[in-house]
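Let's take a walk through this structure together. Have the sequence and the 3D view open, and follow along.

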Amino acid sequence: MSDPDAFRAELRAWLEANCPPEMQQPVRDEDDVCWGGRNFKFKNPAQKAWLEVCVAKGYTVPDWPVAYGGAGMTPAEAKIWREEMQRIGARPPLSSFGIWMLGPALLKFGTEEQKVHYLGQVARGEIRWCQGYSEPGSGSDLVSLQTFGEDKGDHWVVNGQKIWTSYADKADWIFCLVRTDKANKYQGISFLLFDMASPGVSTKPILLISGNSPFCETFFDNVSVPKDQIVGELNRGWDVAKYLLGHEREMISGAGGGDRMNTIGAILSRNAGVEDPLLRAELAMFDVDALAYGAMGEKFLDEVKVGKGHPAGSNMMKYAGTELNKRRHELVMAAGGTASLEWDSAASNGGGRARGWLRTKANSIEGGTSEVMLNVIAKRILDLPGA
Amino acid sequence: MPLYHNDDQAMLADSARGFMADEGAIARQLRHFRDIQCKDGFGHALWGQFAEMGFTGILVPEADGGLGMGHVEAGIVLEEIGRNLTPSPFLTSSVMAATALSAGGDELRGRYLPGLLDGSSVYAVAIDEGPKHRPERIKTRAERAGNGFKLSGTKAFVVQGASADMLVVAARTAGNDEDDAGITLFAVPRDASGLSLDSVRLVDSAMAAHVKLDNVQLDADAVIGEVDGGREVLNRMLSAGRIGAAAESVGVGMGAFDMTTTYLKQRKQFGKLIGEFQSLQHRAAHLYSELEIARAVVIKAQQLLDGGSDKADLMVSVAKAKAGQAAGLAVKEGVQMHGGIGMTDEYDIGLYMKRDRALAEFMGDQYYHAQRVAVLSGY
């Protein structure tokens, strides 16, 4: 980057000219998020226009190489981009598991052909991905997974079941952990990519305590997967999976910014009229932790971009970020009192607060439980014995 | 600016770490001066070595003979001080008093800075007037008298006050006790007539004084900055002291944490290393996470303060509160995880607990600063 100030001024001018005012409003609910994909319905023309101008510049994935649909920004430039986006409260033009999870894994383990093909589709918002990891018998103990891919020469035939597959019913493709060697636990898993429209794939949404169904059961019944749709080496998919889990944990931690780090004391006091001094004190202590965690997120990303920091650091971020988010929603509920209990009224925006609160309970379970995160920190960072 | 140390800062951290681990070690400094019942609570020889390293003038502008560095660099030194529980006047003299003196005129700076830079002088700060940090309320009065002022009032928790050659005193020259305006800062020589100090030993073996000002007569040239306009300088001095104490707290927490994880890898019970027990592993991992977050927000606040950001005030309070919480957890878990020997004077872990307790009160505890975060956030 030749001149940071000039770069910032250039981005600022571009955002002013191109980011629609509607896209500078806070994201209120799931409908406001642009996920892209074959079947995505844009909520309004502004959402579509915002995606298109960003795709044209590579700004959906600003730090990916230009050849793969990015803008080729350096870490320092990407930080300026994030800061300028945050300054005007711009929504991300595109949210996707392709950007947050599959992308980093392909950048590290993919072939050149795979990168150009799949990353380009992700960057342009053409394909929406889902993640096939957990199985009914393999939650925290993920490596015990049983979904099996039988070698049929030029393809595998996959049979098995995944669970907690986020948005499987809306996704176009899946990145999936499949056992390809039953004799080897860790070195018997391969990382496969396939189309959810393939014959034999079916999904069934799971109704959660929030009353919503963001997760699915996903079934594979003799699904044929061509051999060139493997990422990394045969039976070495666990390496890809672990690498990707690091990015997933980073994503769930909210380290990239967004509302995980926002304070709530001022807004809840204003809206709900907090009169209880002990609740006010709890809000203040929460705000201290939220602002401190915000600095941690910034430091974590700064260090990741230049290869500083501990490789297992995303586990700490995931643990701290999700526990903080659960506390945030407990306080939102408490400050709202009985108004927070309404489940489907228009005034409560369809029970937004209650459902949001219940949703956060999954934060410290999905992508590795808090207890697993603490195990990993104890073992990989603190080097405690027998961990 | 990225939230990690640049190359120069990393070099400073290396040399500060080596210096403090060696010269500033617990056995050599804290225990030694405690055991001989030293009336200063710290060693002047080490203070001289601080001067040779350039640390004493770390925040003093180069034009005045200092290193002209910022709060990130001062914090690097303080983290190592915290890690080794090194007793020294660095925080009060080189961070707080130096910040106040930077607002003084040429004559005042010429009078006090050389002694600070060469390590021959020690300065203290006299702000609080009761057992809790409450700089919003200043009752100590300074009335015009002849060519100068007459100061009367009492000050509490003046760390190293009896060892100091000069005290920076915040006094009221106008208005009521709670008014924001009407504050003036004075450089009061230790031997000024009417100034009396009652020096007491604190839980962490540091010495602090209850100060009485009984018609202390000062010339007009003892004023630091503007008459009635001292609040702004006072606030700058408070920010410097708060973020400095937060950095030292992180060091205290890290020191206690390192001792504790080392112990978890050595101590055997039930035929196992106690670090194999998941109940302790999870608590240690949680503590690690808290300390990392505290360290992140401390460097964030240091950078904002150095950059003159309008968010610095808020983040300094966040940092002081968070560092206090995290270090507090580190020393409490440290003593508990050491078991019985954690209760003995022979083991250092208890010394960390004591130092943490004193630092928590210094320039406002986590409750004071969480309250300030709420007020600055508009609720």
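Is the crossing of helix 9 of chain B and helix 10 of chain B left-handed or right-handed? The crossing is left-handed. Please keep in mind as you look around that this is a predicted model.

Let's stay with that pair for a moment. Helix 9 of chain B covers residues 312-338 and helix 10 of chain B covers residues 349-361. Their axes lie 9 Å apart, and the helices pack at an angle of about 155°. Angles over 145 degrees count as roughly antiparallel, so helix 9 of chain B and helix 10 of chain B are described in that way. On the helix 9 side of chain B, the contact is made by Gly324(B), Ala327(B), Gly328(B), Val331(B), Gly334(B), Val335(B) and His338(B). Facing them from helix 10 of chain B are Ile349(B), Gly350(B), Tyr352(B), Met353(B), Asp356(B) and Ala360(B). By class, the residues of this contact are seven nonpolar, five polar and one charged.

Helix 10 of chain B has another partner to look at: helix 7 of chain B, residues 230-264. Here the packing angle is about 160°, with the axes 10 Å apart. Helix 7 of chain B and helix 10 of chain B are therefore roughly antiparallel to each other, and their crossing is left-handed. Helix 7 of chain B contributes Ala245(B), Glu248(B), Ser249(B), Val252(B), Gly255(B), Ala256(B) and Met259(B), which meet Ile349(B), Tyr352(B), Arg355(B), Asp356(B) and Leu359(B) of helix 10 of chain B. This contact has seven nonpolar, two polar and three charged residues.

Now zoom out to the whole of chain B. The chain is divided into domain 1 (7-122), domain 2 (125-228) and domain 3 (232-376). Between the C-alpha centres of domain 2 and domain 3 of chain B there are 30 Å. Where these two domains of chain B touch, 12 residues of domain 2 are in contact with 11 residues of domain 3. The domain 2 side of that contact in chain B has nine nonpolar, two polar and one charged residues.

Finally, turn to the place where the two chains meet. Chain A brings 31 residues to the contact and chain B brings 33. On the chain A side, the elements giving two or more residues are helix 7 (265-272), helix 8 (277-305), helix 9 (313-336) and helix 11 (370-381) of chain A. Helix 8 of chain A gives the most, with 14 residues. The side of chain A that touches chain B divides into 20 nonpolar, four polar and seven charged residues.

How values were computed:
Residues are numbered from 1 along each chain as its sequence is written. Chains are lettered from A and ligands numbered from 1 in the order in which they are written. This is a predicted model: local features need pLDDT of at least 70, side-chain atom pairs count only at pLDDT 80 or more; totals for chains, interfaces and linings use all residues. Domain bounds come from an automatic or database domain assignment. Two residues are in contact if their C-beta atoms, placed from the backbone, lie within 7 Å. Ala, Val, Leu, Ile, Met, Phe, Trp, Tyr, Cys and Pro count as nonpolar, Asp, Glu, Lys and Arg as charged, and the others, Gly among them, as polar. Axes are lines fitted to C-alpha atoms, for helices over the stretch in contact, and angles run from 0 to 180 degrees between N-to-C directions. Helices (H or I, at least four residues) and strands (E, at least two) are DSSP runs, numbered from the N terminus. Angles under 35 degrees count as roughly parallel, over 145 as roughly antiparallel, 65 to 115 as roughly perpendicular and the rest as oblique. A crossing is left-handed if the near helix is turned anticlockwise from the far one by less than a right angle, and right-handed if clockwise.
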